[in-house]
Amino acid sequence: MPKLVLEDVHVHYGGIKALKGISLEIDAGEIVTLIGANGAGKTTTLRTISGLLRPAAGRITFDGADLTRLKPHEIVAQGISHAPEGRIVFANLTVRENLELGAYRRRDRDGIRRDLERVFTLFPRLKERYSQNAGTLSGGEQQMLAVGRALMSSPRLLLLDEPSLGLAPILVRDIFQTIREINAQGMTVLLVEQNAHMALQIAARGYVLETGQVIHSGAAKELASDERVKKAYLGE
Amino acid sequence: MQEFAQQLLNGLSWGSIYALIALGYTMVYGVLRFINFAHGDVYMVGAFLAYYIAHAVGAGSHPSVAAAALVLLGSMVGCAILGVIIERAAYRPLRRQPRLTVLITAIGVSLLLENAGQLVFGADPKFFPQFIPGRNLSVGGVVVTSHQIVILGVSLLLMAGLHTFVMKTKTGMALRAVSFHREAASLMGIPTDRIISITFAVGSALAAAAGVLVGLSNPKIDPLMGLLPGLKAFVAAVLGGIGNIPGAMIGGLILGVAEVLVSGYISSTLRDAIAFGILIVILLTRPTGLLGRGQVEKV
């Protein structure tokens, strides 16, 4: 049974049509990836799901609940967490405060403590940096914090926007490994990536976006061996 | 030396009033990135609310600590509500509009409050009831008035309270997050509009406290009294680094001391010029202010 469903979603930025009727589905427990060139609408799609942008037309539902008119903080309450493009950790706050903010809506102290331990198991580095200002972290550590913070709301769906952007190759491998781990623990993940090669390796399915439309979709393996996808996005 | 100490004390007491007003500018700038030019007029409303409450409870004729506290709290609560209403009615509908639009609206709100003030309170200055008896204390030749003690004590208490609120509470943490990046804060599940309302409430309450305190030392209040202190507190906020809370406190104190020293040692006609002189210098040499950090323009 599909969890997240986008039906013919249109989004306009000023006069520009950024999304021209996107439809996609994500099932519980899957990693699904959106790939495509710059400006294809990948980030816009994530921002629309998490309520930062209002669709001009179309419908978004999650576990049957209509998200289309909800505000971002209400969508977090529905169980969707979004680690935005560029990480955007709160540089003026400590690592501890960043993680606490991730759990802003929660009242279950025990659950929060358990999730904090889980984040520390995934990213031991964050434990070492616990009382430091997030602005002093390296790029890789900030990415860990952004993902860890997103996990702290105990979401049922994780939206990740370019988690590998600007990271050294070794860290890129680490972060993809971690995404796979998080998924293995039962988390549904929608992953936006420029690094289509890596994304298709860990995803079950993928959608290829071009100028605000879905132009291909299918199992990740098939997409990875599709000639058109290879040529356009995998550099082969 | 003794005279200098006296000037310094007068300056600090005057500066703490600027600091209280400057905090509202800087906090609102922090969450919304615009200068709320109506803020000085909220300070004026605070003084008038205190005037009416003091008369209603007879604080002027029968001064007592309880009555003074009631006047202060009443005025702060009243202005907190006013601040929230201003934000809801005038600024929130413009949330997705360019900042210039909001800035112009703020000037409109300022004019509205000033003229409504003249209509409701009357344009004539009013004598602020002296609900704290004026006494002079001499400490090593330096004269400390009871009003200065109250002004410094209340400001210190309020600033310490604000610091605790911003640094130690969950709402304060959310406020800092919204200041850093409103959109990212909303992705944490923070209801950003509510945090913005709280910011206006707190900032306006501090301005009201400044209005009450200023009434004690300069007991002549009128509906345009917020104009100049409002502008100067804005300078204080810029001096400290706009958006930076400790910066606003320090900027206010420096400005107060500078004004008093200039009028004491150079010429009292230059008193009002010093604030804007400081503004020009700070904008030319260090536009981010004393404590402000350069911000990378977000893409």
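Mentor: A helix crossing is left-handed if the near helix is turned anticlockwise from the far one by less than a right angle, and right-handed if clockwise. Before we use that: this is a predicted model, where local features need pLDDT of at least 70, side-chain atom pairs count only at pLDDT 80 or more, and totals for chains, interfaces and linings use all residues. Residues are numbered from 1 along each chain as its sequence is written, chains are lettered from A in the order in which they are written, and side-chain values use heavy atoms, with hydrogens and water left out.

Trainee: How do α3(B) and α4(B) cross?

Mentor: In general, two packed helices are described by the angle between their axes and the distance between the axes. Here, the axes of α3 (residues 65-91) and α4 (residues 99-121) of chain B come within 11 Å and cross at roughly 130 degrees. That makes the pair oblique (under 35 degrees is roughly parallel, over 145 roughly antiparallel, 65 to 115 roughly perpendicular, the rest oblique). The crossing of α3(B) and α4(B) is right-handed.

Trainee: Which residues of α3(B) and α4(B) meet?

Mentor: Contact means heavy atoms within 4.5 Å. B:Ile86, B:Ala90 and B:Tyr91 of α3(B) meet residues of α4(B) including B:Val102, B:Thr105 and B:Leu113.

Trainee: Is A:Asn183 buried or exposed?

Mentor: Buried means under 20% relative accessible area, exposed over 50%, partly exposed in between (1.4 Å probe, protein chains only). A:Asn183 has 17%, so it is buried. A:Asn183 lies in α7 (residues 169-184) of chain A.

Trainee: How many residues are in contact between chain A and chain B?

Mentor: 25 residues of chain A are in contact with 20 of chain B.

How values were computed. Axes fitted to C-alpha atoms, helices over the stretch in contact; angles between N-to-C directions. Helix = DSSP H or I, 4+ residues; strand = E, 2+ residues; numbered from the N terminus.
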